[in-house]
Amino acid sequence: MVMTVHYFAPGRVNLIGEHIDYNGGFVLPAALSLGIRAAVRPREDGVITLRSLNAPGCFEVDLDADLEFDPRHGWANYPKGVMAYLRKDGYALQGCDIVYSGDLPVGAGLSSSAAIEVVTAYLLLHRSARAACGSEMGDSIDRIWLAKLCQRVENEYVGVGCGIMDQFAVANGKAGHAILLNCDTLAYEYVPVSLGDYRLVIINTGKRRALGESKYNERRAQCQAALRIIRQHRDVPNLCQATMEDACRWIDDPIPLKRVRHVISEHLRTMEASRLLSSGYLREFGWLLTESHQSLREDYEVSGSELDTVVELALASGACLGARMTGAGFGGCAIALVESNALAQFQDFVRSHYVQKTGLHPEFYVSEIGDGVRRVSSYSDLESY
């Protein structure tokens, strides 16, 4: 009997610290209970097949011939890239059938790409170890290395200049905790998240974003250009270690100056948010969420009418301590800290006014903060593939 094995990788939400990961500062992401499931079963011909219950296409990958990026393959390029880089790092991969399923909206800013990368790498490493020594790697997998591998796939294979945060949170999440991650050193600590009478609500605006086609890479280039100017006068390792005094003294162009203002102020907000959450100061944490959105809208200019509208409506609902866009921007999701006993009224209020203003239908996710990638028991929707 052929054994099917199941795995899960969560999406992630960044509580605060947006566009900070590639600028070398602190971020505060958390893994979600939403995510991507994968079922894998062996085959003997050195081919890996990829199929998703949520997206079209069935792809056969010959491990010796078919690992180049192909724009026609769409979502399958993410697992293909993982295979290519595991092979490059010396891992002997075995043929198998993989089918994916999940409840994580694609293009919404909840790291669906990182989730499929990490779950693919994790399951392939399990199979590689079992074939080599007859046992599974389990939690002996180096999860920091795993995150770095998947970031390389995104940067070099897919061509999106993301930082390490998404892959790190998906690989290293811990239930009931956010991760205060220093993106320069990868030092991290778990921050307990106890929301009491409030819940974290994720609101999908219905405006899909395509990260590789957005201005994400442009913003990263603007930050790098600003850092080069500051480094002509002062030795700083990254933009988060610069000051607004540095920027105002040496940067003349108002556009990169605004970008730096967001990076420095958001970095400070992130460290303060970690302290507030650890101490249970939810109202003050909510204020920081709203300040973050204002900075992303005005200084970093990565929001948009849909995100601004949904945040304004969340704040106007009367049941919300704070709200902001999350993710790279230009569409996708916002988060809001909402009273538990007012969740239904909150959703009704935001939905009705948002549809009226934009013509789009939002989706709401009340997610728990969960663990990172792992092997799991079977899923009914994947049993019959």
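How are H5 and H7 oriented to each other? The answer comes from a predicted model, and it takes a few steps to reach.

Begin with confidence. The average pLDDT of the protein is 91. A score of at least 70 is reached by 93% of the residues. Residues 131-135 fall below 50. In the model, this stretch makes four contacts beyond near neighbours in sequence. Where pLDDT is low, the predicted coordinates should not be read in detail.

Now turn to the helices. Two packed helices are described by the angle between their axes and the distance between the axes. Helix H5 covers residues 216-231, and helix H7 covers residues 254-279. Their axes come within 9 Å. They cross at roughly 95°. Angles of 65 to 115 degrees count as roughly perpendicular, so H5 and H7 are roughly perpendicular to each other.

Which residues meet there? From H5 come Arg219, Gln222, Cys223 and Ala226. From H7 come Ile255, Pro256, Arg259, Val260 and Val263. Six residues of this contact are nonpolar, one is polar and two are charged.

Next, find the sheet. Three strands form an open sheet in the order E2-E7-E8, and their pairing is antiparallel. Strands E2 (26-27) and E8 (188-192) stand at the edges. Each has a single partner strand, so one side of each lacks a neighbour in the sheet. Strand E7 spans residues 177-182 and pairs with E8 over five bridges, in the antiparallel sense. Leu181 stands opposite Tyr188 in E8.

Helix H4, residues 165-172, lies across E2, E7 and E8. H4 runs at about 140° to E7.

Definitions and conventions. Residues numbered from 1 in each chain as written. Predicted model: local features only at pLDDT ≥ 70, side-chain atom pairs only at ≥ 80, totals over all residues. Heavy atoms only, no water. Pairing = 2+ DSSP bridges. Helix = DSSP H or I, 4+ residues; strand = E, 2+ residues; numbered from the N terminus. Contact = heavy atoms within 4.5 Å. Axes fitted to C-alpha atoms, helices over the stretch in contact; angles between N-to-C directions. pLDDT = per-residue confidence, 0-100. Parallel < 35°, antiparallel > 145°, perpendicular 65-115°, else oblique. Nonpolar A, V, L, I, M, F, W, Y, C, P; charged D, E, K, R; others polar.
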